[in-house]
Amino acid sequence: MNDGQDDHGRFTGQGSSSKTLLVNHIHTLVTMDDTRREISDGAMFIRGGVIEAVGTSAELQDRAADETLNLPHHIVIPGLINTHHHMFQSLTRVVAQDRELFDWLRTLYPIWARLTGEAITVSAKLAMAELMLSGCTTSSDHLYIYPNACKLDDEIRAAQEIGIRFHAARGSMSMGEKKGGLPPDHVVEDEEDILRDTRRVIEQYHDKSRYAMLRIVVAPCSPFTVSQNLMRESAALARSYGVRLHTHLAENANDVAFSLEKFGLLPGDYAREAHWVGEDVWHAHCVMLNEREIGLFAKTGTGVCHCPSSNMRLASGIAPVRKMLDAKVKVGLGVDGSASNDSGHLLEEARNAMLLQRVDGDPAGLSAREALALGTRGGAAVLGRDDVGQIAPNMAADFVAYRLDTPAFAGAMHDPAAALVFCRPQNVDLSVINGRVVVKDGCLLTLDLPALVEQHNALSRKLIRGE
């Protein structure tokens with residue numbers, strides 16, 4: 001099936017396969033299409049990395065394919081989409097275990113100041129591997145710290161090698177402690193240098209075509225780490241190239257207090273004043289948005305990435321996702337940094353998103369299927385993509401399969417789609433990205449995972465110890 005693989009079945013990063021694949025006899029095919037079809041004994045036909053037909057196995061039985069996969073014990077869903085991450089943080093898990101956001105950051109900034117280009121690449125590969133095994137096929141990453149000649153290119157190279165669909169966000173910090181910001185002065189960059197390098201990576205890497213495997217995002221870190229001027233200049237730069245914008249916003253009460261003290265504005269109003277609302281913008285967290293700010297986001301088409309595990313870990317609060325969805329705000333899911341989540345399992349984020357909206361007393365606060373929609377269609381909308389997030393004709397062949405014949409799903413076979421969210425989060429048995437098998441029988445095919453873990457742990461030890 002797989003052009004773009006060498007003789008050992010490893011991904012080579014070359015062009016999409018021109019061959020055909022029939023995925024047949026799927027126990028439950030959850031399409032997440034416009035009619036939300038869930039098909040028993042489902043099937044799909046793929047040509048050249050694009051889905052050509054979807055239906056029952058009987059409806060597609062006459063399709064001749066170069067290869068056929070039969071999945072009678074699996075539930076298949078569109079590949080999950082991660083809309084916020086800091087992959088370098090996989091090197092510093094379980095640090096500052098009992099701190100809120102600002103103190104947590106102050107503890108970790110000095111450690112991250114020792115990052116190298118090798119550390120960025122290796123940590124990104126590890127984070128991507130973890131995501132892919134959880135069911136993620138498209139991920140954004142927000143890299144906002146660039147010490148020791150680190151570049152965005154370091155993680156772009158990792159994405160190209162491992163085979164994930166990737167939105168690389170060129171983050172930045174320019175407002176150190178001397179200027180009233182949170183980060184130490186030695187980890188911030190000059191604003192002209194930031195804008196210059198952002199132009200470079202857009203021109204070198206951004207692919208605006210349909211089914212693109214790599215896109216660039218303009219992403220100053222947060223209102224407490226960059227100036228208002230950089231926010232405005234970054235917005236203008238992004239729009240001059242037609243790329244999307246991303247930052248953190250209203251993550252916790254201290255974040256709101258900083259915005260009020262420094263700018264005299266609530267976070268949503270700050271975003272509006274800085275030209276950071278619109279169809280091409282999405283913000284991470286938004287835990288503390290009020291109803292008026294939610295209305296602003298709905299009116300302007302501004303998106304939100306919900307990071308439930310990180311919000312719990314840092315005691316930031318519960319984002320008002322139900323209110324956002326009812327107001328028609330675009331909402332996706334994010335695992336957030338591996339140092340504020342300590343995990344990178346995107347299916348677990350769907351589960352936690354569902355459970356958190358029920359904590360305040362509404363057992364129907366968020367349904368399993370709504371949570372699954374956040375991780376698929378919601379993420380696609382937030383990233384501005386109309387080619388992923390559902391299994392339908394003319395969509396990219398990005399899908400994942402979980403085995404149903406396991407203890408975790410026993411007793412839940414009357415509703416497999418809901419079980420995927422309610423029951424203990426599972427790793428995928430099969431993952432296909434852009435028409436290529438990247439996980440088979442639960443094993444990642446695109447790199448040597450044990451060797452990567454060993455290399456990653458060695459770098460983590462050096463980083464944390466200051467060696």
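**Aromatic contacts and parallel strands in a predicted model**

Both Tyr109 and Trp112 are buried (under 20% relative accessible area; exposed is over 50% and partly exposed lies in between, with a 1.4 Å probe and protein chains only). The structure is a predicted model, in which local features need pLDDT of at least 70, side-chain atom pairs count only at pLDDT 80 or more, and totals for chains, interfaces and linings use all residues. Residues are numbered from 1 along each chain as its sequence is written, and side-chain values use heavy atoms, with hydrogens and water left out.

Tyr109 and Trp112 both lie in helix α1, three residues apart, about one turn of the helix. Helices (H or I, at least four residues) and strands (E, at least two) are DSSP runs, numbered from the N terminus. An α-helix has 3.6 residues a turn, so residues three or four places apart point the same way.

Aromatic pairs were assigned by ring geometry. Rings of Phe, Tyr and Trp (its six-membered ring) pair if their centres lie within 6.5 Å; planes under 30 degrees apart count as stacked, over 60 as edge-to-face and the rest as tilted. By this rule the count comes to nine aromatic pairs. Phe88 and Trp112 form one that is edge-to-face, with 5.1 Å centre to centre and 90 degrees between the planes. Phe88 lies in the loop between β6 (80-82) and α1 (101-112), and Trp112 in helix α1, so the pair ties together parts that are 24 residues apart in sequence. Both Phe88 and Trp112 are buried. Tyr109 and Trp112 also make an edge-to-face pair, at 6.1 Å centre to centre and 80 degrees between the planes. One aromatic cluster is formed by Phe88, Trp104, Tyr109, Trp112 and Tyr144.

Charged side chains also meet rings. A charge sits over a ring if NZ of Lys or CZ of Arg is within 6 Å of the ring centre and within 35 degrees of the ring normal. The charged end of Arg170 sits over the ring of Tyr146, 4.1 Å from its centre. Arg63 lies over the face of Phe45, at 5.2 Å from the ring centre.

Strand β9 (residues 214-220) is mostly covered, with seven of its seven residues buried. In a regular strand the side chains alternate between the two faces of the sheet. Both faces of β9 are covered: Leu214, Ile216, Val218 and Pro220 are buried on one side, and Arg215, Val217 and Ala219 on the other. Two strands pair if DSSP finds at least two bridges between them. Strand β8 (residues 165-172) runs parallel to β9 and is joined to it by seven bridges. His167 stands opposite Arg215 in β9. Strand β10 (residues 244-249) is also parallel to β9, through two bridges. Val218 has Leu245 as its bridge partner in β10. From β9 the chain crosses through helix α5 (residues 228-241) to β10, and this β-α-β crossover is right-handed (with the strands pointing away from the viewer, the path from the first strand over the helix to the second runs clockwise). A right-handed β-α-β unit is also made by β8, helix α4 (residues 191-205) and β9.

Helix α4 has 15 residues and reaches 21 Å from its first C-alpha to its last, close to the 21 Å expected at 1.5 Å a residue (the expected span is 1.5 Å times one less than the number of residues). Its buried residues are Glu191, Ile194, Leu195, Asp197, Thr198, Val201, Ile202 and Tyr205. They pack against α3 (153-162), β8, β9 and α5, where contact means heavy atoms within 4.5 Å. Arg200 is in helix α4. Arg200 is partly exposed, with a relative accessible area of 26%. Not counting residues up to four places away in sequence, Arg200 touches Lys151, Asp153 and Tyr205. The C-alpha atoms of Arg200 and Ser234 are separated by 13 Å, and the two residues are 34 apart along the chain.

Strand β12 (residues 303-306) has both faces covered: Gly303 and Cys305 are buried on one side, Val304 and His306 on the other. Three bridges join β12 to the parallel strand β11 (residues 281-285). Ala284 stands opposite Cys305 in β12. β11, helix α8 (residues 291-300) and β12 make a right-handed β-α-β unit. Four bridges join β12 to the parallel strand β13 (residues 330-333). There, the bridge partner of Cys305 is Gly332.

Ser316 is found in the loop between α9 (308-313) and α10 (321-326). At 3% relative accessibility, Ser316 counts as buried. Leaving aside neighbours within four places in sequence, Ser316 is in contact with Glu251, Asn252, Val287, Met288 and Asn311.
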